[in-house]
Amino acid sequence: MRVDVPETSTASINKKLVELRESTGMVTLGRVLTLVVCLSDAADVEDAIESASEAGKEHPCRIIVLVRGDADADNRLDAQIRLGGAEGASEVLVLNLHGELANHEASVITPFLLPDTPVVAWWPKIAPAAPSQDPVGRLAVRRITDATFAPNPMATIKTRGATYASGDSDLAWARITHWRALLTAALDEPPFEPITSATVSGLLDEPALDVLAGWLAIRLNCPVKRLGGELRVELDRENSSVVIARPQLGRTATLSRTGQPDKRLALARRKTRDCLAEDLRRLDADQIYESALEGLERVEYE
């Protein structure tokens with residue numbers, strides 16, 4: 001069910017929500033958090049709702065989508081309420097802010113925050129330089145960004161380290177969860193010799209690879225290079241090496257180790273909804289992600 005509420009107020013929206021629940025028999029039990037999605041382009045609304053709704057099947061929540069409109073227009077709040085259907089157990093509020101309201105997002109969403117539940121803020125594309133200092137970010141215990149879709153992904157992921165605060169996360173980190181697991185498993189097998197150097201290569205505008213390089217620099221405490229080219233990670237020992245490589249658009253990677261036969265491994269690129277669901281599983285500080293951002297300073301770029 002979708003109900004448009006044009007040129008409205010927060011009080012009118014809440015009243016309409018109550019009416020819709022009573023008429024449909026829907027209840028709000030089981031909500032574990034409020035997910036606030038911050039957008040600057042209305043064209044991104046459907047993709048964001050799809051990812052958030054899929055993640056919400058694992059983490060039942062109220063989804064509030066904020067769309068910042070033209071700040072020079074007349075003050076106006078347009079809303080759409082979505083219940084049931086493709087949204088599953090979630091309630092979705094789409095709030096289009098025009099005029100001066102576009103600069104007061106936190107005030108607009110406050111009446112819709114679920115009581116006694118944590119707030120998570122997610123910026124699918126353009127995010128503030130310091131999410132913890134953003135008005136919406138201050139309301140949230142977890143602030144999720146995505147450097148992948150920033151105008152300059154490499155510069156953006158480096159900025160994340162300079163502005164990091166407890167509760168910050170970036171979906172670029174979740175995109176390499178399976179890579180990190182495979183690399184860790186490969187190093188848990190003999191020979192148990194120290195890694196002397198590492199190389200991470202792939203698209204230069206893929207920040208997940210930058211943060212992967214930073215993680216390796218911290219965990220292995222060795223020189224790490226970040227190159228453009230084919231998608232692969234190479235870990236070198238004095239007399240052997242470990243390589244994981246995958247075609248850019250492929251779903252299967254090859255694990256190569258000196259003196260052993262190659263192995264084929266499932267390693268598809270993770271979808272945004274899966275990365276978001278992973279991030280919503282923990283609302284505390286991610287210290288390993290923080291250390292990976294610190295490790296970026298040790299990475300050598302060529």
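In which helix does Ala-292 lie? Ala-292 belongs to helix H10, in a model that is predicted, and its relative accessible area of 0% places it among the buried residues, since anything under 20% counts as buried. Leaving out residues up to four places away in sequence, Ala-292 touches Trp-173, Val-211, Gly-214 and Trp-215.

The protein chain has 302 residues, of which 52% count as buried, and it contains ten helices and 15 strands. Its C-alpha trace spans about 70 × 40 × 30 Å along the principal axes.

Helix H10 itself covers residues 287-295, and its buried residues are Tyr-289, Ser-291, Ala-292, Leu-293 and Gly-295. The elements that cover these buried residues include helix H5 (153-162), strand S8 (168-170), helix H6 (171-174), helix H8 (207-220) and strand S15 (299-301). At the start of H10, a side-chain oxygen of Asp-286 comes to within 3.3 Å of the backbone nitrogen of Ile-288.

How do H8 and H10 pack, and at what angle? Their axes are 7 Å apart and the angle is about 95 degrees, so the two helices are roughly perpendicular to each other. On the H8 side the meeting residues are Val-211, Gly-214, Trp-215, Ala-217 and Ile-218, and on the H10 side they are Ile-288, Tyr-289, Ser-291, Ala-292, Leu-293 and Gly-295. Sorted by class, the residues of this contact are eight nonpolar and three polar, with no charged residue.

Apart from neighbours within four places in sequence, Leu-220 is in contact with Leu-187, Ile-195 and Leu-235, while its C-alpha atom is separated by 8.0 Å from that of Pro-194, 26 residues away along the chain. Leu-187 is part of helix H7, which runs over residues 177-187 and in which Thr-177, Trp-179, Arg-180, Leu-183 and Ala-186 are buried. Those buried residues of H7 pack against H6, H8 and H9, and also against strand S11 (232-236), strand S12 (241-245) and strand S13 (252-257).

Helix H9 (residues 272-279) takes part in another helix pair, this time with helix H2 (residues 45-56), where the axes come within 8 Å and cross at roughly 45 degrees. That angle makes H2 oblique to H9, and the crossing is right-handed. Ser-51, Ala-52, Glu-54 and Ala-55 of H2 make the contact with Thr-272, Arg-273, Leu-276 and Ala-277 of H9. By class, this contact has four nonpolar, two polar and two charged residues.

Two strand residues complete the tour. Thr-34 is found in strand S2 (residues 33-39), and it counts as buried because its relative accessibility is 0%. The side chain of Thr-34 reaches the backbone nitrogen of Leu-114 at 3.2 Å, and, setting aside residues up to four places away in sequence, Thr-34 touches Arg-62, Ile-64, Leu-113, Leu-114, Thr-117, Pro-118, Val-119 and Val-120.

Asp-78 is one of the residues His-98 touches beyond four places in sequence, the others being Gly-69, Asp-70, Asp-74, Asn-75 and Arg-76. From His-98 to Asp-74 the distance is 6.5 Å, C-alpha to C-alpha, and the two are 24 residues apart in sequence.

Conventions. Residues numbered from 1 in each chain as written. Predicted model: local features only at pLDDT ≥ 70, side-chain atom pairs only at ≥ 80, totals over all residues. Heavy atoms only, no water. Axes fitted to C-alpha atoms, helices over the stretch in contact; angles between N-to-C directions. Helix = DSSP H or I, 4+ residues; strand = E, 2+ residues; numbered from the N terminus. Parallel < 35°, antiparallel > 145°, perpendicular 65-115°, else oblique. Left-handed = near helix turned anticlockwise from the far one by under 90°. Contact = heavy atoms within 4.5 Å. Nonpolar A, V, L, I, M, F, W, Y, C, P; charged D, E, K, R; others polar. Buried < 20%, exposed > 50% of the residue type's maximum accessible area, 1.4 Å probe, protein only. Polar contact = N/O pair within 3.5 Å; in protein donor to acceptor, adjacent residues only side chain to side chain.
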